[in-house]
Amino acid sequence: MKFTLLTIIILGIFSCKSSNNMLPEDSEKPMTENPTDNSDQLTYLALGDSYTIGEGVSDTGRYPSQLIAKLNTETDKKWASPKVIARTGWTVDELEKGIKAENIEGNTYDLVTLSIGVNNQYRGLPISKFEEEFETMLLKAISFAAVNTKHVVVLSIPDWGITPFAKKSGRDESKIAQEIDSYNSIKAKICEKNGVTYIDITEQYRALGSQEEMLAADGLHPSAEMYSLWTEKLFEQLVSIY
């Protein structure tokens, strides 16, 4: 009965609008095409924003690519290259539009990760709107995982207020931290409600994210070294499932 109800909800509630990107300057870095057409391999869909696309790092440095490399090297399961739908500056509703543009409705994947929300906070959009849109997006992610909530993982929003970019911008770091915490509280609550794993990367990011080696050249986005720490957290979760 629960399965049927969740399926009906997922099929019935998908719809979702937006301004300035969370960037030192606007980026046109495209989504990377990663076909996953090998039926002998497990498949992975990574949904998100600049943190998923890996603004400022190479394709191999972003966490979806690092995760697949680690899974293929350190487990006996074989994974295809990740399908990444993400772009720097995207809010939740822009991710929704990006998914529609990819024409993947009806496809299913063995793993779906979701990292979204920082640009909603950065632009000062209503947090009540985020709460509604995030749950809709999470249900969409669950549908892409063939309604297997164990195969969906959500990452918390890093606190970009600790970065050199934030300091130069003159933004109130404590206000950013409070808002990030509010957004993450919503994400955690909605994940718990829907039986989805929520991984907190925020506290570790606050401790290490301002270090030079943890930053991309723009002084805002993470380096491949920081993404490797996120990869470790994801890997620890996934080896208990697959």
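Just after helix 4, Asn 103 takes a positive phi of about 55 degrees. Helices here are DSSP runs of H or I with at least four residues, strands are E runs of at least two, and both are numbered from the N terminus. This is a predicted model, where local features need pLDDT of at least 70 and side-chain atom pairs count only at pLDDT 80 or more, while totals for chains, interfaces and linings use all residues. Residues are numbered from 1 along each chain as its sequence is written, and side-chain values use heavy atoms, with hydrogens and water left out.

Back to helix 4, residues 92–102. Of its 11 residues, 8 are buried, so the helix is largely enclosed by the rest of the structure. Buried means under 20% relative accessible area, exposed means over 50%, and partly exposed is in between, with a 1.4 Å probe and protein chains only. The buried set is Val 92, Asp 93, Glu 94, Leu 95, Glu 96, Gly 98, Ile 99 and Glu 102. What covers them includes strand 1 (44–48), strand 2 (83–86), strand 3 (111–115), helix 5 (118–122) and helix 6.

Next, the core. The largest nonpolar core has 65 residues, and Leu 138 and Trp 160 have the most contacts inside it. Helix 6 (residues 127–144) gives the most to this core, with 8 residues. A nonpolar core is a set of buried Ala, Val, Leu, Ile, Met, Phe, Trp, Tyr and Cys residues joined through side-chain atoms within 4.5 Å. Leaving out residues up to four places away in sequence, Leu 138 touches Leu 114, Val 152, Val 154, Ile 190, Cys 191, Asn 194 and Val 196; contact means heavy atoms within 4.5 Å.

Between helix 6 and strand 4 (152–155) there is a loop that holds Ala 146. Ala 146 has a positive phi of about 60 degrees although it is not a glycine, and it is partly exposed at 45% relative accessible area. Val 147 is found in the loop between helix 6 and strand 4, and also has a positive phi of about 60 degrees without being a glycine.

Last, the helix pair. Helix 3 (residues 63–74) packs against helix 10 (residues 224–238) at an angle of about 50 degrees, with axes 9 Å apart. Axes are lines fitted to C-alpha atoms, for helices over the stretch in contact, and angles run from 0 to 180 degrees between N-to-C directions. Residues making the contact include Tyr 63 and Leu 67 of helix 3 and Tyr 227 and Trp 230 of helix 10.
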